[in-house]
Amino acid sequence: MATTTEAATTSATEAAKAAAGAAAHHGGGLPNPMHQFEIIRYVPFKLFGLDASFTNSALAMVMAAALIVAFIWYAMRNRSLIPSRVQSVAEMAYEFVENIVKQTAGQEAMGYFPFVFTLFMFILVSNLLGLINIPGVFAPFTSTSHIVVTFAMAATVFIGVTLIGIFKHGLGFLKLFVPSGVPAVMLVLLVPIEVISYFTRPVSLSVRLFANMMAGHTMLKVFGAFVGALGIVGGWAPLLFMVPFTGLEFLVAFLQAYVFAILTSIYLNDALHIHH
Amino acid sequence: MGPEAAKLIGAGIACIALAGAGVGIGNIFGNYLSGALRNPSAAQGQFGNALLGFALAEATGLFGLVMAFIILFAF
């Protein structure tokens, strides 16, 4: 893959692959845990000079979207008043996100519910797709374990929420950075701190999801390599740790989607109701 | 000391940040448990806030881990 080193969006993972690949080729070491983040182009093509190939990351995202749409469509095809079991699951997902939006941002923010629901379901399914491994049929790939994907989502949330606040309050939006009841002397120090902490929101939102996914899945691969390396004799020990840890990774996948959704709602609440 | 050795040492030092994550997460759930033992009926309603606090505390530790990865792989 000589052309992989030039793609700007995947430079970190490729540097990881190159560095770790060069280090691991010392005669039958453990398999490289960073290989799972490698971007493979299935259909290379360029758009306006930018690399817009259809990669395994794009495939994972398309699969996530298709799974969500297919599930909701299938669950709601009868729309019965008394839900069947599958429809109950879809209704539970709906009510779960509805509770998040209503309790943090209020009833009038329900206009933004489709956005928060899409974010929650997409992140949840993308996280879970990295944990399902059907050997020979489906190799797991977590599209949210790349900072470019999570940063795109976080930047969308940040820019969207800022624009919503500006369109709703005009210049009064700047009152967000001025907490009430603070003496004017402290405001000189406090307002820059508030502005800086506002601008670190997309960074923290994206890095939280990215780091959780990358670190978690790397640990899974590392302990899996231990199980394989120790074989029958000693392989039960890391396996004993792997089983609950995989369960923890399922919990983390769900929790990170929940945290992304609830922080989006909190930022939305900050923009819609500016009262510090 | 070559750059490769310096990278490894730097990545190791950057991982000390995860100690803060451990302290923060233990703090959150410890307080949640002590509050839940005093007022069990109100515990379920605040569990969502406990999870939110856990994720935020873990995030700062993971920022340190990301710095370790950047030092190790992107320089």
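The model is predicted, so local features need pLDDT of at least 70 and side-chain atom pairs count only at pLDDT 80 or more, while totals for chains, interfaces and linings use all residues. Residues are numbered from 1 along each chain as its sequence is written, and chains are lettered from A in the order in which they are written.

- Chain B has three helices and zero strands, where helices (H or I, at least four residues) and strands (E, at least two) are DSSP runs numbered from the N terminus, and its elements run α-α-α from the N terminus on.
- The C-alpha trace of chain B spans about 60 × 15 × 10 Å along its principal axes.
- Chain B has a radius of gyration of 17 Å, whereas a compact globule of 75 residues would have one near 11 Å; the radius is taken over C-alpha atoms, and the globule rule is 2.2 Å times the number of residues to the power 0.38.
- Of the 75 residues of chain B, 13% count as buried, a class that requires 20 or more other C-beta atoms within 10 Å of the residue's own, with 12 or fewer counting as exposed and values in between as partly exposed, and with C-beta atoms placed from the backbone.
- Two residues are in contact if their C-beta atoms, placed from the backbone, lie within 7 Å, and among contacts in chain B between residues at least 6 apart in sequence, 87% join residues at least 24 apart.
- The contact between the chains takes ten residues from chain B and 15 residues from chain A.
- On the side of chain B that touches chain A there are ten nonpolar, no polar and no charged residues, where Ala, Val, Leu, Ile, Met, Phe, Trp, Tyr, Cys and Pro count as nonpolar, Asp, Glu, Lys and Arg as charged, and the others, Gly among them, as polar.

**Helix pairs in chain A**

- Helix H4 (residues 113–129) and helix H8 (residues 236–272) of chain A have axes that come within 8 Å and cross at roughly 160 degrees; axes are lines fitted to C-alpha atoms, for helices over the stretch in contact, and angles run from 0 to 180 degrees between N-to-C directions.
- H4(A) and H8(A) are therefore roughly antiparallel to each other, a label for angles over 145 degrees, whereas those under 35 count as roughly parallel, 65 to 115 as roughly perpendicular and the rest as oblique.
- The contact of H4(A) with H8(A) has eleven nonpolar, four polar and no charged residues.
- Residues of H4(A) in this contact include Phe120(A) and Asn127(A), and those of H8(A) include Phe260(A) and Thr264(A).
- The axes of helix H5 (residues 147–169) and helix H7 (residues 201–234) of chain A come within 8 Å and cross at roughly 145 degrees.
- Among the residues that make this contact are Phe151(A) of H5(A) and Arg201(A) of H7(A), and by class the contact has ten nonpolar, two polar and one charged residues.

**Loop residues in chain A**

- Phe48(A), in the loop between strand E2 (46–47) and strand E3 (50–51), has a positive phi near 50 degrees although it is a residue other than glycine, and it counts as exposed with 5 C-beta neighbours inside 10 Å.
- Arg79(A), in the loop between helix H2 (56–75) and helix H3 (85–105), has a positive phi near 50 degrees and counts as exposed with 8 C-beta neighbours inside 10 Å.
- Gly172(A) lies in the loop between H5 and helix H6 (184–199), and its C-alpha is 8.6 Å from that of Ile274(A), although the two residues are 102 residues apart in sequence.
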